[in-house]
Amino acid sequence: MSARLTSADRLDLVLEGKYDAVSVRTQMPLHRLRSLATLLIQRNWLCWLSSRTPSTLRQALQARFVPYTLMLLVAWAPYLTLIWPGALRDDTLAQYLQTAGLHRYYTQHPLFDTLIFGLFWKLGDAAGSPLIGEAIYTTVQVMLLAAGCSLILCYIRKLGVPRWLRVIGLIYLATSYVVVGAVGTMGKDSLHTVFFLPAAVLFVETCLTRGRVLARQPVAVAFVVVLFATIASKRTALVIVICAGVCLLIACDRGRRRRHAACCLVLAIVFAQVIFAPIAAAATHANHSPSREIWGIVTQSVTQVARDYPSAISQDQRAALDAIMNLDRATLEMKPYRSNETFQTLRTDPSPSASERFAALRVWVQLGLAYPGEYFKAWSGPIRGWWDPHVNFAYPTDSDYLLRGGYLRQWATFLPEDAGILHDGIATRNADDIADADTRAALRVTQITHDLAPLMGTSRKAQWQRDMLEHVRHWVRDNNPLTAMALYVTWIPLLTGVILLIQTIMERRRLHRDTSGVSAYPSGRCAAFSLLVFTMLSLYASPEALFWYPIPVFCSLPLFTALPLCTRS
């Protein structure tokens with residue numbers, strides 16, 4: 001009977017202890033013994049990769065947090081060596097102008113971020129150069145992001161996710177360009193990610209436990225703190241937290257657990273928007289900057305119609321639109337790949353009344369019903385990078401690109417009206433006293449170049465560093481699908497969402513068969529996934545597909561892709 005057994009059958013019997021391994025060796029030819037050994041190794045590897053180790057988060061952190069963090073830091077170190085001391089994004093330089101006293105504080109960029117950056121720049125100034133402060137900031141941010149990514153890996157281990165997915169997550173966070181390239185950038189999006197990662201973990205845990213975890217006071221306090229920092233560090237985060245928070249509350253059990261979750265959400269929003277924001281604005285005497293980006297959907301659409309079909313807009317419709325924006329200027333300056341040029345024509349002094357805005361929205365709807373193709377054309381251009389896998393990007397590797405050409409002319413406009421023009425380091429006369437406009441603009445550029453000189457020099461690298469960065473840039477930009485934002489912003493989340501939806505439907509059908517009724521609560525995993533969904537929707541509502549915006553998505557993706565494979569609680 002044993003002669004008829006296949007190698008796989010014998011392996012199963014050996015593993016179960018029902019077959020003598022010695023008899024296997026004596027009854028089988030050598031080549032079959034080798035195939036049995038190979039099969040044994042393969043099965044061991046498959047068992048190892050598919051194994052699950054659900055545990056408490058404390059146990060997962062004790063076992064894996066330090067090794068994960070060290071592995072990430074070692075993996076990121078070569079790239080950080082190439083770009084050291086880091087790279088600024090354009091908005092960060094505008095924040096430097098505020099902290100350096102070259103421009104008044106304003107609220108277009110979160111004051112929370114501006115004040116944190118300013119703290120490091122002042123620390124660098126005390127040590128001799130703001131670049132030292134930038135290097136210190138980069139070091140701190142890298143450590144915190146490594147800790148946040150390790151927290152995610154430990155958490156999905158706690159959820160009982162198969163080892164093969166944890167290994168893929170570790171390899172992705174350690175080597176993927178979209179993650180590694182972001183950790184050394186000094187910008188509000190990478191800073192926001194520092195707080196978004198622990199907030200996402202606590203949000204998911206709250207959804208999966210239906211609010212039970214918030215009964216523990218330390219967890220509730222931590223949730224409020226990281227949610228506060230998440231909201232305060234990015235303007236769009238408030239809407240994301242409110243929308244995803246509604247899904248969280250629905251997922252929580254009724255009664256005290258839902259009230260606990262609601263209190264945490266409300267406290268975080270109050271601390272960020274009612275307490276911190278007014279106090280920071282008052283302390284810095286910041287100018288209020290109205291949020292106009294969402295109006296870009298309106299301005300870009302009507303401008304597209306005005307450009308392609310100018311006669312389609314009646315005089316009354318044009319008058320209604322001109323009450324909130326400069327339609328003629330928007331038509332001349334419009335760019336198909338972003339809406340900045342059109343929403344910047346919105347009138348702010350005086351600000352349009354509520355009735356004027358309502359009239360403009362009514363015209364927007366009328367034109368949209370008449371020219372839906374033009375609206376789709378206007379909307380698909382700025383968001384192409386979110387869905388087109390052929391559009392990739394490269395992170396900056398230094399800050400000197402912000403200190404030349406058009407950027408310098410842009411920063412020169414930030415100088416106050418009474419700024420003195422320097423000649424040999426001595427202030428002489430005001431730029432406004434010079435009649436010739438071109439001369440005045442050139443002198444202001446000279447002034448701002450002098451003011452920003454302490455930040456210059458990050459592109460002066462050794463030849464081997466420049467050669468390596470050039471190779472990296474070619475690899476990134478030469479039709480590399482792994483550096484397409486769409487892969488991480490749309491297609492992987494979409495596939496994960498479809499799987500979760502199918503699982504939820506099947507679970508409800510099972511409950512319907514097994515019990516007299518279907519559970520009144522939606523899937524906790526779907527509620528947890530809503531945080532990623534609303535973050536994605538905020539990207540699709542953004543004025544352009546800029547690679548800075550999805551950094552929180554890039555770094556948190558292993559957390560949300562693990563939801564379909566987590567063990568049932």
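**Figure 1. Cys 555 and its closest cysteine sulfur.** The sulfur of Cys 555 lies 5.0 Å from the closest cysteine sulfur, that of Cys 149, which is too far for a bond. A disulfide is a covalent bond between the sulfur atoms of two cysteines. Here the term is applied to a pair of cysteine sulfur atoms within 2.5 Å. Cys 555 is buried, with a relative accessible area of 2%. Buried means under 20% relative accessible area, exposed means over 50%, and partly exposed lies in between (1.4 Å probe, protein chains only). The structure is a predicted model, in which local features need pLDDT of at least 70 and side-chain atom pairs count only at pLDDT 80 or more, while totals for chains, interfaces and linings use all residues. Residues are numbered from 1 along each chain as its sequence is written, and side-chain values use heavy atoms, with hydrogens and water left out.

**Figure 2. Cys 252 and Cys 207.** Which cysteine sulfur is closest to that of Cys 252? The closest one belongs to Cys 207, at 6.6 Å, and this is too far for a bond. Cys 252 has 0% relative accessibility and counts as buried. A search of the whole structure finds zero disulfides.

**Figure 3. Ser 556 in helix H26.** Helix H26 spans residues 551-561 and contains Ser 556. Helices (H or I, at least four residues) and strands (E, at least two) are DSSP runs, numbered from the N terminus. Ser 556 counts as buried, at 0% relative accessibility. Leaving aside residues up to four places away in sequence, Ser 556 touches Ile 152, Phe 196 and Leu 197. A contact means heavy atoms within 4.5 Å. In the protein, 79% of the contacts with a separation of 6 or more are between residues 24 or more positions apart.

**Figure 4. The salt bridge between Lys 158 and Glu 205.** Side chains of opposite charge can pair when their charged atoms come close. A salt bridge is a side-chain nitrogen of Lys or Arg within 4 Å of a carboxyl oxygen of Asp or Glu. Lys 158 and Glu 205 form one, with their closest N and O atoms 3.0 Å apart. This pair links distant parts of the chain, since Lys 158 is in helix H7 (residues 130-158) and Glu 205 is in helix H10 (residues 188-208), 47 residues apart. Are the two residues buried or exposed? Lys 158 and Glu 205 are both buried.

**Figure 5. Arg 89 and a network of salt bridges.** Arg 89 and Asp 90 meet through their side chains in a salt bridge (3.2 Å, N to O). Arg 89 counts as buried, at 2% relative accessibility. Salt bridges link Arg 89, Asp 90, Asp 91, Lys 188, Asp 189 and Lys 234 in a network. A search of the whole structure finds twelve salt bridges.

**Figure 6. The salt bridge between Asp 388 and Arg 384.** The side chains of these two residues meet at 2.7 Å, N to O. Asp 388 is buried, with a relative accessible area of 7%. Arg 384 is partly exposed, with a relative accessible area of 42%.

**Figure 7. A nonpolar patch on the surface.** Val 266, Leu 267, Val 270, Phe 271, Val 274, Ile 275 and Ile 279 form this patch, with about 580 Å² of accessible area together. Patches are made of residues with over 30% relative accessible area and no salt bridge; like charges are joined within 9 Å, and nonpolar side chains (Val, Leu, Ile, Met, Phe, Trp, Tyr) within 5 Å. Accessible areas come from the Shrake-Rupley method with a 1.4 Å probe, and for residues only the protein chains shown count as cover. Val 266 is in helix H13 (residues 256-284).

**Figure 8. Leu 119 in helix H6.** Helix H6 (residues 111-127) holds Leu 119. Leu 119 is exposed, with a relative accessible area of 57%. Leu 119 and Gly 133 are 14 residues apart in sequence, and their C-alpha atoms are 8.3 Å apart in space.

**Figure 9. Gln 366 in helix H18.** Gln 366 is found in helix H18 (residues 354-370). Gln 366 counts as partly exposed, at 37% relative accessibility.
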